Amino acid sequence: MSTYVYGITSRSHPALPEGMTGVGEPARPVRVLTAGDLAAVVSDAPEDLRPKRRDLLAHQNVLAEAGAGGCVLPMRFGSVATDDDAVVQVLTERADHYAERLRELDGKVEYNVKATHVEEAVLHLVMAENTEARALAEANRRAGGGSYDDKIRLGELVAHLVKAKESDDAEQVRDLLAPAATAVSVGPESTGWLLNVSYLVPRDSAERFLASVEEVRQSHPHLDLRVHGPLPPYSFVDPGPAQPAGTTTGADAGAR
Amino acid sequence: MTVVPAQQTGGGGGSSGLYDVLELVLDRGLVIDAFVRVSLVGIEILKIDVRVVVASVDTYLRFAEACNRLDLEAGPRKSPGLPEIVGEVTEKGARGKSKGALSGAAQTISDAFNQARQEGETESRPRARKAPSRSKEEQE
């Protein structure tokens with residue numbers, strides 16, 4: 001029976017989530033394996049594990065639970081070892097490395113911030129700032145919407161202006177929030193958001209960080225800021241010390 | 001064991017809020033070479049391909065229409081006095097329902113994401129290109 005791994009933590013972790021359930025259908029019971037000073041939060045791996053929403057959520061829930069009581073190094077979703085012994089072996093072989101990461105991340109949590117523009121608000125802003133766009137829109141409106149080409153001309157200009165604003169806003173927000181964090185990790189770009197940044201924040205200064213977020217919400221009302229946390233430090237765990245480049249499975253490639 | 005509310009999530013909610021977190025679960029976290037990872041075919045592709053929406057004719061037309069409506073709403077107080085109006089509308093907009101300006105893509109992604117999940121049993125085809133056009137229909 002192969003073993004699904006949720007995360008690695010210290011053996012002395014006060015609240016390991018024994019008794020809760022994890023991935024699979026039916027959900028597999030979560031267990032804890034120990035080796036030296038370290039522990040791994042695991043369950044049996046379902047045979048047909050796929051990245052379904054309920055399984056992703058189960059992974060996140062187990063880590064959130066474990067992370068609430070102390071530092072956990074979260075595994076990326078879908079990490080499966082051949083058996084329990086293989087997990088114990090990894091913990092043993094790389095004990096120093098994981099112990100160091102746990103010390104480094106102790107007392108710190110991740111906050112992920114994603115931002116999108118509020119469409120109407122940002123359109124008003126770019127129209128107010130750009131006379132050409134305003135003139136084109138005005139002309140189109142007088143012409144009952146304008147010809148196809150007129151619309152394309154206006155739309156292209158506005159899209160360009162909005163895109164520029166996205167970059168400006170992303171940079172501003174990233175820098176405004178950084179001082180309240182210990183470390184910053186910029187996530188993959190996507191059109192789903194104009195900003196996707198994770199901040200490593202000491203637990204005891206989380207309020208200060210959230211206050212900074214609130215200030216940005218006030219100063220940038222044309223942005224929709226979505227803040228998620230405290231999360232296990234997904235973006236701040238290093239790859240294992242013995243991991244040569246390019247050995248991860250093909251599925252990782254898209255994330256780079 | 002005690003159940004501690006481990007996570008507070010602000011300013012999001014709904015399916016895009018969920019996606020915001022799941023993106024981290026899928027793309028980040030510790031990878032150990034001694035372990036294998038389940039195949040995530042059909043998930044990552046979605047995120048990359050939604051980019052194509054940005055520089056499309058459809059996007060331009062949508063923006064043009066939006067600007068048209070925008071001016072109508074602003075009514076007689078348009079152009080010269082616009083900055084004041086911006087303030088008002090901005091506040092209203094920020095509190096209200098919001099959507100990514102360039103494509104509403106947060107929705108697009110989570111729709112596509114849900115779809116991929118539902119169809120996860122069958123081997124996933126590179127279906128991402130369908131997602132943007134589907135979402136456009138929804139918006140219109």
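The questions and answers below concern a predicted model and the terms used to describe it. Residues are numbered from 1 along each chain as its sequence is written, and chains are lettered from A in the order in which they are written. In this predicted model, local features need pLDDT of at least 70, and side-chain atom pairs count only at pLDDT 80 or more, while totals for chains, interfaces and linings use all residues.

Q: Why are α4(A) and α6(A) called roughly perpendicular to each other?
A: Helix α4 (residues 119-129) of chain A and helix α6 (residues 148-177) of chain A pack at an angle of about 105°, with their axes 10 Å apart. Angles of 65 to 115 degrees count as roughly perpendicular, so the two helices are roughly perpendicular.

Q: Which residues make the contact of α4(A) with α6(A)?
A: A:V122, A:L123, A:L125 and A:V126 of α4(A) meet A:V158, A:L161, A:V162 and A:K165 of α6(A); contact requires C-beta atoms, placed from the backbone, within 7 Å.

Q: What makes strand β8 (residues 195-202) of chain A largely enclosed by the rest of the structure?
A: A residue is buried if 20 or more other C-beta atoms lie within 10 Å of its own. Six of the eight residues of β8(A) are buried, so the strand is largely enclosed.

Q: How do you know that strand β6 (residues 108-117) of chain A and β8(A) pair?
A: Pairing requires at least two bridges found by DSSP, and these strands have eight, in the antiparallel sense. One of the bridges joins A:Y111 to A:Y199.

Q: What is the average pLDDT of chain B?
A: On this confidence scale from 0 to 100, chain B averages 53, and 26% of the residues score at least 70.

Note on methods:
Axes fitted to C-alpha atoms, helices over the stretch in contact; angles between N-to-C directions. Helix = DSSP H or I, 4+ residues; strand = E, 2+ residues; numbered from the N terminus. Parallel < 35°, antiparallel > 145°, perpendicular 65-115°, else oblique. Contact = placed C-beta atoms within 7 Å. pLDDT = per-residue confidence, 0-100. Buried ≥ 20, exposed ≤ 12 C-beta atoms within 10 Å, placed from the backbone.
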